[in-house]
Amino acid sequence: MPDGSRGTKSRLWRWRSNPLRRHDDVVEAWIVLVMWTVVVVGGVIAGLVTAHAAHEVFARERAERHSVAAVLLTDVPQTPSAARGTDRALAKVSWTAEDGVTRTGQTMVGTGLHSGSTVTVWLDARGALTTEPTGPTEAAAESALFGFAAAAALSGLAFGAGALLRWELDRRRLAQWAKEWDLVGPRWNQTTG
């Protein structure tokens with residue numbers, strides 16, 4: 001008999017009929033099988049569905065939002081940490097809508113700009129100020145991250161539920177062994193005459 005088949009047989013002992021197999025062993029085997037099926041198949045499905053849904057949301061954002069040139073109405077002072085180029089501040093801007101009406105609103109712009117500077121702002125489908133949509137590369141990375149998080153969450157829940165059920169089976173088996181020992185144990189101390 002090859003060594004590989006012996007290892008497989010020892011792992012599958014709960015499925016084979018033998019006099020030492022208890023009902024709880026079969027239940028535990030089913031719990032483990034269902035748990036790993038949910039972890040592998042459910043995790044993949046949850047990850048793919050979540051990643052696809054996130055990708056669709058990002059794509060819809062890019063399709064619905066558009067940029068327009070706006071004029072800064074207030075100064076935006078330079079902040080000490082603006083050297084990195086990532087600092088933004090809320091400022092009042094003015095832009096011309098598609099219907100030709102001049103509108104004003106507040107949005108985030110880079111710091112260190114003066115009143116009258118031209119900035120790019122983003123509008124949603126209704127023409128209201130909004131944030132810049134997530135770019136395709138960032139959207140792909142974030143979609144993958146969301147998919148991985150969903151797969152990990154489902155897998156963690158399945159693994160935790162399986163561990164909890166197996167713990168309960170172990171607790172039941174230990175209680176059953178204790179009860180059986182209470183019946184058999186006293187007989188071991190008897191001496192034959």
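Predicted model: local features only at pLDDT ≥ 70, side-chain atom pairs only at ≥ 80, totals over all residues.
**View 1. Strands β2 and β3 side by side.** Strand β2 (residues 88-96) and strand β3 run antiparallel and are joined by 9 bridges. Strands here are DSSP runs of E with at least two residues, while helices are runs of H or I with at least four residues, and both are numbered from the N terminus. Two strands count as paired if DSSP finds at least two bridges between them. Residues are numbered from 1 along each chain as its sequence is written, and side-chain values use heavy atoms, with hydrogens and water left out.

**View 2. The open sheet.** Now take in the sheet that these strands belong to: 5 strands form an open sheet with antiparallel pairing, in the order β3-β2-β1-β4-β5. At its edges are β3 and β5 (129-130), each of which pairs on one side only.

View 3. Threonine 107 counts as buried because its relative accessible area is 12%; buried means under 20%, exposed over 50%, and partly exposed in between (1.4 Å probe, protein chains only). Setting aside neighbours within four places in sequence, threonine 107 is in contact with Ala89, Leu90, Ala91, Val93, Val121, Leu129 and Thr130. Contact here means heavy atoms within 4.5 Å.

**View 4. Arginine 62 and glycine 135.** Arginine 62 sits in helix α2 (residues 23-64). With a relative accessibility of 27%, arginine 62 is partly exposed. Glycine 135 is 73 residues away along the chain, yet the C-alpha atoms of arginine 62 and glycine 135 are separated by 7.7 Å. Beyond its neighbours within four places in sequence, arginine 62 has contacts that include His55, Pro133, Gly135 and Ala139.

**View 5. An aromatic pair.** The structure holds 1 aromatic pair. Tryptophan 36 and phenylalanine 159 form this pair in an edge-to-face arrangement, 6.1 Å centre to centre and with 65° between the planes. The pair links distant parts of the chain, as tryptophan 36 lies in helix α2 and phenylalanine 159 in helix α3 (residues 136-188), 123 residues apart. Rings of Phe, Tyr and Trp (its six-membered ring) pair if their centres lie within 6.5 Å; planes under 30 degrees apart are stacked, over 60 edge-to-face, and the rest tilted. Tryptophan 36 is partly exposed at 44% relative accessible area, and phenylalanine 159 is partly exposed at 44%.
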